[in-house]
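Here is a short report on one protein model. Please look at the sequence and the fold first.

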Amino acid sequence: QVQLVESGGGLVQPGGSLRLSCVASGSIYSTNDMGWYRQAPGKQRELVAQINSGASTYYADSVKGRFTISRDNAKNTVSLQMNSLKPEDTAVYYCNALLRESRWRPINAYWGQGTQVTVSS
């Protein structure tokens, strides 16, 4: 059974920084893409940043130049460094991982429980 656990959310002033971390644990054979999504009140969940097993990255236009995603394959962790935060970054942030629990099982998507990020003065 795989679990994704996030940490690092909170309240920060505009222009400030936060670092989110996510650890995947349990029966994991291999991990493909890992990423961060966010969902603001009344809006659809959106992809913020993603990183594959080869460390290639994708960023939403709204966060390019401000957010940096990284991962540690040996520890099955993914982090999101968020700088120059804006009020519009306020949302619940969810960790996502595409992984395989064994060589005989298909790749499935797993989600963390979400962590609140609030950017406000």
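**Basis.** This is a predicted model: local features need pLDDT of at least 70, side-chain atom pairs count only at pLDDT 80 or more, and totals for chains, interfaces and linings use all residues. Residues are numbered from 1 along each chain as its sequence is written, and side-chain values use heavy atoms, with hydrogens and water left out.

**Fold.** The protein has zero helices and 11 strands. Helices (H or I, at least four residues) and strands (E, at least two) are DSSP runs, numbered from the N terminus. Along the sequence the pattern reads β-β-β-β-β-β-β-β-β-β-β.

**Size and packing.** The radius of gyration is 14 Å, which agrees with the value near 14 Å for a compact globule of 121 residues. That radius is taken over C-alpha atoms, and the globule rule is 2.2 Å times the number of residues to the power 0.38. The C-alpha atoms fill a box of roughly 50 × 25 × 25 Å along the principal axes. Of the 121 residues, 41% count as buried. Buried means under 20% relative accessible area, exposed over 50%, and partly exposed in between (1.4 Å probe, protein chains only). Among contacts with a separation of 6 or more, 56% join residues 24 or more positions apart. A contact means heavy atoms within 4.5 Å.

**Aromatic pair.** The structure holds one aromatic pair. Y37 and W111 form it edge-to-face, at 4.9 Å centre to centre and 65° between the planes. Rings of Phe, Tyr and Trp (its six-membered ring) pair if their centres lie within 6.5 Å; planes under 30 degrees apart count as stacked, over 60 as edge-to-face and the rest as tilted. Y37 lies in strand β4 (residues 30-39) and W111 in strand β10 (residues 108-111), so the pair ties together parts 74 residues apart in sequence.

**A cysteine beside the tryptophan.** C95 sits in strand β9 (residues 91-100). C95 and W111 are 16 residues apart in sequence, yet 5.7 Å apart in space, C-alpha to C-alpha. Not counting residues up to four places away in sequence, C95 touches several residues, including C22, W36 and W111.

| Residue | Relative accessible area | Class |
|---|---|---|
| Y37 | 19% | buried |
| W111 | 38% | partly exposed |
| C95 | 0% | buried |
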